[in-house]
Number of protein chains: 2
Amino acid sequence: MTKQERAVRTRHALIRSAAQAFELHGYAQAKLADISARAGVSPGALHFHFESKAAVARTVESTAGVSLRRAAWLAQPPDTNALQRLANASHALAGLLRTDVVARAGFRLNCEAVSGGGLNLRQEWRGCVEQLLAEAAADGLLITRRASRADVVAAIVAATIGFEVLGRRDPEWLSHRTLTGFWRVVLPGLATPDALGDLDPGGTGIRPTRRETEGGVVQAELEATGAAPP
Amino acid sequence: MTKQERAVRTRHALIRSAAQAFELHGYAQAKLADISARAGVSPGALHFHFESKAAVARTVESTAGVSLRRAAWLAQPPDTNALQRLANASHALAGLLRTDVVARAGFRLNCEAVSGGGLNLRQEWRGCVEQLLAEAAADGLLITRRASRADVVAAIVAATIGFEVLGRRDPEWLSHRTLTGFWRVVLPGLATPDALGDLDPGGTGIRPTRRETEGGVVQAELEATGAAPP
């Protein structure tokens, strides 16, 4: 292993151990000494990679951002209609939040806006929901009813944020079963009868396994820190 | 004003000022000295009423619990069907969270489980949603479809928790307009066509104004602290 490979591994171990510490103790209470100890490195090694706790937190957030974007993207094969891609993306995000501590801690830190970076992952998700619903409307997949598109966006964003928050205590809220149930409730009120017949509330296409997810996270961290091309 | 009335007023001012401090700085960072100063009393007066920061937090939570239960209850006139009462209750809770700092801070503290009391307000809301949907099913108001009752409960609970969390930054998420839009999206997928015609997604009956809400909070605090009968 070259010196550079070792440095990348150490950095990755620190990001993961920071995510665990933030999740266990919260950002304010997490200690740098604990983060380096969990990663099996000296406090000096931590300071070589990160100048402060806020800097570690920003990296956990940006790594989470890259993983979440990739997961949402991979869940949207181009030959699938926009409503199905929306359901797929929500499954992918929930799956990653359920299985990956860096994605989970990074999303939460970002929501609490503690580290002062410019990233807004909730806003990105809202933008993704808006765009896919606009596409679904343009393709004639949506019922025109009393509810406006803005109402639909708000309902979906609120529910998915609710799943994330409730999932912090009880991972069942982020399970494939819960998300599938959500789309079973919501899709019949959104999709035209024709479109509805083709939609799978359980998602289609890529279903990341735990192993794939973890591989993705390593890659995401490398990208977020500039150590690998996207 | 008798000595006892003065004590009740001071206690109420302390609860309100604690709620403001918890909302501004978070529980961990809030200072008892700041709480007493905001309430215009001495640190000694605070210690006369509350033995610790956790004790103030528990009282903020229990006061919030009483206000939220009352608001949900008042929004459910007995001659209204169960689905309408569910929509009404959600409007009442959102309205209270939007306008009342004690309800808002108490709900949030309770979700973060910082003060170690036995109260679980999210669980209570979930129980309320479950009960009203069971009643709606028994009264034949619900479409029997692919979605199970548990799916519907989870979707409604997740969305309303999402509104609360998102509303911490942007009160528009707890507005009457946003909640009405949510029910416009969800009700057509839940209610039979017959029932749907009678439902108002904007809620019916009591709409607490800001003034009424504040009066309710004073009363709730008196009840939660045993100074007045419920």
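1. A quick definition to start: a salt bridge here is a side-chain nitrogen of Lys or Arg within 4 Å of a carboxyl oxygen of Asp or Glu. By that rule, this predicted model holds 18 salt bridges over all chains. I'll come back to several of them below.

2. Let's look at how the two chains sit together.

3. Now the interface in numbers. On the chain B side 33 residues are in contact, and they meet 33 residues of chain A. Between them the two chains bury about 2,700 Å², with 66% of that on carbon and sulfur atoms.

4. What about charges across the interface? Chain B and chain A share two salt bridges. B:Arg184 pairs with A:Asp151 in a salt bridge, and their closest N and O atoms are 3.3 Å apart.

5. Which helices of chain B supply at least two residues each to the side that touches chain A? They are H1 (3–29), H6 (101–112), H7 (121–138), H8 (149–167) and H9 (176–190). H8(B) gives the largest share of that side, twelve residues. By residue type, the side of chain B that touches chain A divides into 21 nonpolar, four polar and eight charged.

6. Within chain A, have a look at helix H6 (residues 101–112), where A:Arg108 and A:Glu112 lie four residues apart, about one turn of the helix. Their side chains meet in a salt bridge at 3.2 Å, N to O. A:Arg108 counts as partly exposed, at 31% relative accessibility, and A:Glu112 is also partly exposed, at 36%.

7. Another pair in chain A is A:Arg177 with A:Glu172, whose side chains form a salt bridge at 2.8 Å, N to O. A:Arg177 counts as exposed because its relative accessibility is 61%, and the cut-off for exposed is over 50%. A:Glu172, at 34%, is partly exposed.

8. Last, a pair in chain B: B:Glu164 and B:Arg168 form a salt bridge, with the closest N and O atoms 3.0 Å apart. Is B:Glu164 buried or exposed? B:Glu164 is buried, since its relative accessibility is 4% and buried means under 20%. B:Arg168, at 29%, counts as partly exposed.

Conventions: Residues are numbered from 1 along each chain as its sequence is written. Chains are lettered from A and ligands numbered from 1 in the order in which they are written. This is a predicted model: local features need pLDDT of at least 70, side-chain atom pairs count only at pLDDT 80 or more; totals for chains, interfaces and linings use all residues. Side-chain values use heavy atoms; hydrogens and water are left out. Contact means heavy atoms within 4.5 Å. Buried area is the accessible area (1.4 Å probe) that two parts lose on being put together, summed over both. Ala, Val, Leu, Ile, Met, Phe, Trp, Tyr, Cys and Pro count as nonpolar, Asp, Glu, Lys and Arg as charged, and the others, Gly among them, as polar. Buried means under 20% relative accessible area, exposed over 50%, partly exposed in between (1.4 Å probe, protein chains only).
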